[in-house]
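The structure is shown first.

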Amino acid sequence: FDIKYFWLPDSLTFSGVIIGILINTLPFILSLDYYKLITPLSYLLYSICAYFVIASIAFLLEKILNKPAIGLGDAKLSAMVSSWLGLEGLELVLMLTILTSGLFCILGLLSGIYKRGSIIPLGSFICLSFVAVWCLGNNFFLDILDRFLWWRYL
């Protein structure tokens, strides 16, 4: 949807949040270890925080640039990612999204496919990054992106 219509349906992102929280909570419920249940439920808090942080960044960028830079669908998709992967996974997904979408834009500008100020479907890059981190794991990308994650050393 994002590539063709620049739109991410709420039904997709909200159901993704619920499924992500259930997947992270189910092992604790099945093992009847209710004392550890608070840890997977923190994924709900991660989702809420991710949404509000990305939505706030979108709001600030719109005020600074006088045009929308990030859609709220991207904020909802980030909430979904954090419900599946947690904050560390979200951090990696956002870094990969920035790098891949930036490379895509540079190549598009150099080839003449895109013009300056063109809109790109950021949700598509978030989805690709999410699948990569989910399949290969956090540690794989932490080793590769170590130098890009400078704030971890502050």
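Setting aside residues up to four places away in sequence, Lys-76 is in contact with Asp-10, Thr-13, Phe-14 and Tyr-51. The model is a predicted one.

**Lys-76**
- Lys-76 lies in helix 4, which covers residues 72-111.
- Its relative accessibility is 18%, so Lys-76 counts as buried under the 20% cut-off.

**Aromatic pairs**
- The whole structure contains seven aromatic pairs.
- One of them joins Trp-84 and Trp-134, which count as edge-to-face because their ring centres are 5.7 Å apart and their planes meet at 85°.
- This pair links distant parts of the chain, with Trp-84 in helix 4 and Trp-134 in helix 5, 50 residues apart.
- Phe-130 and Trp-134 make a stacked pair, with 6.3 Å from centre to centre and 10° between the planes.
- Phe-130 and Trp-134 are about one helical turn apart, because four residues separate their positions in helix 5.
- Trp-84, Phe-130 and Trp-134 belong to one aromatic cluster.

**Helix 5**
- Helix 5 has 15 residues (122-136), so at 1.5 Å a residue it should span 21 Å; its end C-alpha atoms are 21 Å apart, in agreement.
- Buried residues in helix 5 are Gly-123, Ser-124, Phe-125, Ile-126, Ser-129, Phe-130 and Val-133.
- For Phe-130, the relative accessibility is 11%.
- Gly-137 follows helix 5 and has a positive phi, near 90°.

**Cysteines**
- Zero disulfides are found in a search of the whole structure.
- Cys-49 is partly exposed, at 38% relative accessible area.
- Cys-105 is also partly exposed, at 23% relative accessibility.

Technical notes. Residues are numbered from 1 along each chain as its sequence is written. This is a predicted model: local features need pLDDT of at least 70, side-chain atom pairs count only at pLDDT 80 or more; totals for chains, interfaces and linings use all residues. Side-chain values use heavy atoms; hydrogens and water are left out. Helices (H or I, at least four residues) and strands (E, at least two) are DSSP runs, numbered from the N terminus. The expected span of a helix is 1.5 Å times one less than its number of residues. Buried means under 20% relative accessible area, exposed over 50%, partly exposed in between (1.4 Å probe, protein chains only). A disulfide is a pair of cysteine sulfur atoms within 2.5 Å. Contact means heavy atoms within 4.5 Å. Rings of Phe, Tyr and Trp (its six-membered ring) pair if their centres lie within 6.5 Å; planes under 30 degrees apart count as stacked, over 60 as edge-to-face and the rest as tilted.
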